[in-house]
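Biologist: I am new to this one and would like to learn how to read it. Could you take me through some features, one at a time?

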There are 2 protein chains.
Amino acid sequence: MRHKSKEITIYDIAQALELSPATVSRGLQNHPLIKEETKQRILEKALALGYRRNTIASNLRTQKTHTIGVIVHELNSNFITSVLAGIEKITTQAGYDIIIAHSYENYTKEVANANNLFQKRVDGIITSLAFDTPNLDHYRQFEEKGIPVVFFDRVEENSDSVKVIIDNYRAGYQATEHLIAQGCKRIVLVTANLQRNVYFKRYAGYKDALLAHQLPFEEQYVLIKDLSEQCGVEAALHILSMNPLPDGVFITNDFSAAVCMQTLKEHGIRIPEDIAVVGFNNDAVCKIIEPKLTTIDYPGMEMGEIAAKNVIEQLQEEATTQHISTIVVRSELLVRASSAKPQ
Amino acid sequence: MRHKSKEITIYDIAQALELSPATVSRGLQNHPLIKEETKQRILEKALALGYRRNTIASNLRTQKTHTIGVIVHELNSNFITSVLAGIEKITTQAGYDIIIAHSYENYTKEVANANNLFQKRVDGIITSLAFDTPNLDHYRQFEEKGIPVVFFDRVEENSDSVKVIIDNYRAGYQATEHLIAQGCKRIVLVTANLQRNVYFKRYAGYKDALLAHQLPFEEQYVLIKDLSEQCGVEAALHILSMNPLPDGVFITNDFSAAVCMQTLKEHGIRIPEDIAVVGFNNDAVCKIIEPKLTTIDYPGMEMGEIAAKNVIEQLQEEATTQHISTIVVRSELLVRASSAKPQ
DNA sequence: TATTTTTACGAAAACGTTTGCGATATGAGA
DNA sequence: TCTCATATCGCAAACGTTTTCGTAAAAATA
């Protein structure tokens, strides 16, 4: 049934044209040393014979794959898909392919993915750390071989690799200050493991904003969760159990925030009148949940583009020049109904 | 700064052990012809020297990449990520890698992705068609080379490739019948291009359910949109302009349905009292929107597993046996508040 | 002991491309 | 006519692995 037709090579083209494979090879890559007319003949014959370049053989010879690996901690998010779109835009422009690997927020899978991409001999790596990734050892292998690694969003501070991030401290500060401006006095922060630096920064911004406005910082107002769906419910129940009741919540994840709001509402809390809520990421749910969710928006597409540009830059430079180590992308507070308290 | 250490090969191991590269190669792949003790020595030396197998050379020699390509029409959806998880589970079990390609619901990109994966010489393909993909020509190249292609979810009916789908007709019928059972008499269907067979099937189910229950089928109640965010708003406005007002809506996409509900509510429509709503996919938004959205649920993970198993089966069979051409996975109606009319 | 079988390994070709270097032909300049 | 650039192209090695076939030694059999 299936007919496996013979794969045709540059030898076949060479033979048909009474040329050498070397000339055919050069002709196909538009080498200036080949006569224009010969090139034409080669191209035509290649098309006629249904030739397809054997990337594997080419990769073996050149020791390059023209592929860059992307490791993401999740896929089901507007932010990540925007980043991927940005990466793809730049890489295809530069003639590189991408391989997307998904860690499912799982350190073990992230390591497996890194090893896999290393095996596949990608020319570069763009990655965002999983939730529980404790160290960067699995990226060391790339650096040892001179393969550029660029981190985005979820990064490790004390690493001298290139990082593309937002100012999480500022975002946390802004969100908190906004709640304060709405008249909130008791603001709960729901966030994740402070080891992961994005969360620590947001925490620090939250803390400093409180102090700057003469509000007390209380440990019991900081809830460390996993930002899952369940987490939203738990956070809400926790908040409901507090006395006095908080009047503002800053949850560093939109989906969790939405679930939390829902649970609060089910228990008779009015949002934003009783409790104002701010999320993080500007996910699609922000506009679905009622009231619509105030959040921190940041440009995924742009971050992807910057990361990709940086990798390709490193790839094209022969010299090992000094590189920018951290690129901070602007982020902004998007005020919606969930935090707009009546004055 | 970056030190590119010399890549070590089986020759280096062979030399160090005074063996031939052939023996080392066999030893590394645990070939039964090699003495156990020799294998051990090879493994140890490989580890000591920091050997990593050159997949590219191996691929060139074996003419296999042990990689299967996955083309998806979107990433930002629970369904798709579940499918990917299912595919990954099976493929890694079988020792295959996957390359995820994203078509962004764009035919041109889908073609580019297919060509790319063809270039990369993947051993198999799992794919779901983009919104506007008019034909399957870009998959013909795989079939010509005997590379298995499996379609899932968005498939083309009149193709003899393997397809993993749900019974969209039944789903459409069920959803409509449910609305009828709730007392709806004027049910609007919001769906997408009927050329894409999933949408046609749902449409057919909707139509037949109406007729089976002695309700009139009216063309004006069928709204063909693109199931985007904007589409939800448009559908709502259209519905509001109708006279008499419809009392039920079946939108074949959860996110659009959520936006539509929102717009309807903003115009004073009560859901489900005035209009009952049913979506499709069981996305995360179903539980965020208020009231929670009745929808059709189907098992992405399982579909991914089945698709992957099928590809691998085809890969491992030497003989070109006859294959199952269509696998239908169960789907079910999930009733939530958005459609529960008070009796 | 002679012969066959088994066990363990090696030689070398093959996968298809790229590329440094050499070779040939053509025309210009002396 | 001879020399020397210049323009085109071919030779052959290299990339690192896998695998067919062959061989030598050891073990088993006659």
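Biologist: Which residues does Ser103(A) touch, not counting residues up to four places away in sequence?

Modeller: A word on the ground rules before that. This is a predicted model, in which local features need pLDDT of at least 70, side-chain atom pairs count only at pLDDT 80 or more, and totals for chains, interfaces and linings use all residues. Residues are numbered from 1 along each chain as its sequence is written, chains are lettered from A and ligands numbered from 1 in the order in which they are written, and side-chain values use heavy atoms, with hydrogens and water left out.

Modeller: Now to your residue. Contact means heavy atoms within 4.5 Å. By that rule Ser103(A) touches Ile71(A), Val72(A), His73(A), Lys109(A), Glu110(A), Asn113(A) and Ala130(A), leaving aside residues up to four places away in sequence. Ser103(A) sits in the loop between β2 (97-102) and α6 of chain A; helices (H or I, at least four residues) and strands (E, at least two) are DSSP runs, numbered from the N terminus.

Biologist: Is Ser103(A) buried or exposed?

Modeller: Buried means under 20% relative accessible area, exposed over 50%, and partly exposed in between (1.4 Å probe, protein chains only). Ser103(A) has 0% relative accessibility, so this residue counts as buried. Asn115(A), found in helix α6 of chain A, is partly exposed at 34%.

Biologist: How should I read a helix, and which residues of α4 in chain B are buried?

Modeller: An α-helix has 3.6 residues a turn, so residues three or four places apart point the same way. In α4 of chain B (residues 55-62), the buried ones are Thr55(B), Ile56(B), Ser58(B) and Asn59(B). Looking down the axis of α4(B), these buried residues fall within an arc of 160°, so they line one face of the helix. That arc is taken from the directions from the helix axis to the C-beta atoms. Part of their cover comes from chain A, including its α4 (55-62) and α6 (107-119).

Biologist: What happens at the ends of α4(B)?

Modeller: Asn54(B) caps the N-terminal end, with a side-chain oxygen 2.9 Å from the backbone nitrogen of Ile56(B). Just after the helix, Gln63(B) takes a positive phi of about 60°.

Biologist: How is an interface described, and what area do chain B and chain A bury between them?

Modeller: The size of an interface is often given as the accessible area lost when the parts come together. Here the loss is summed over both parts (1.4 Å probe). Chain B and chain A bury about 5500 Å² between them, with 48% of it on carbon and sulfur atoms. In residues, 57 of chain B are in contact with 56 of chain A.

Biologist: Which salt bridge does Glu105(B) make?

Modeller: Glu105(B) meets Arg154(B) at 2.8 Å, N to O. Glu105(B) lies in the loop between β2 and α6 of chain B and Arg154(B) in the loop between β4 (149-152) and β5 (162-166), so the pair ties together parts 49 residues apart in sequence.

Definitions and conventions. A polar contact is a pair of N or O atoms within 3.5 Å; within protein, one must be able to donate a hydrogen and the other to accept it, and residues adjacent in sequence count only if both atoms are side-chain atoms. Buried area is the accessible area (1.4 Å probe) that two parts lose on being put together, summed over both. A salt bridge is a side-chain nitrogen of Lys or Arg within 4 Å of a carboxyl oxygen of Asp or Glu.
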